[in-house]
Amino acid sequence: MRAACRLVGWLFLAAYAAAAGLGAIGYFGLLGAQKDALSVVYLMLLGMPWIRLADAVPEPLALAALVLAPLV
């Protein structure tokens, strides 16, 4: 059971890293990609369980809290 939990944790971390990388490429238009603000939607989906906790964060830090929510 412990190995299964570790595997799920590593898979989640890999999914978050892939979503963050693809989101940065799409949002900033890196590597010749067209800029697209919707490219970070996968980060929001991965962080959905923690997004409700981010509502308590002050407005200037809200975007950073939403993007970093899955790392909690």
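The model is predicted, so local features need pLDDT of at least 70 and side-chain atom pairs 80 or more, while totals for chains, interfaces and linings use all residues. Residues are numbered from 1 along each chain, and side-chain values use heavy atoms, without hydrogens or water.

Y27 is partly exposed at 43% relative accessible area, and F28 is exposed at 51% (buried is under 20%, exposed over 50%, partly exposed in between, with a 1.4 Å probe and protein chains only). Both belong to helix 1, residues 2-28 (helices are DSSP runs of H or I, at least four residues, numbered from the N terminus). Its 27 residues should span 39 Å, and the end C-alpha atoms are 39 Å apart, which agrees (expected span: 1.5 Å times one less than the number of residues). G29 follows, with a positive phi near 70°.

Buried residues of helix 1 include Y16, A19, G23 and G26. Helix 2 (41-46) and helix 4 (62-68) are among what covers the buried residues (contact: heavy atoms within 4.5 Å).

The largest pocket is lined by residues including G23, Y27, F28, L43 and L66 (a pocket is an open set of points on a 1 Å grid where a 1.4 Å probe fits, with protein on both sides within 12 Å along at least five of seven lines; lining residues have an atom within 4 Å of a point). Helix 1 gives the largest share of this lining, five residues.

Conventions
Helix = DSSP H or I, 4+ residues; strand = E, 2+ residues; numbered from the N terminus.
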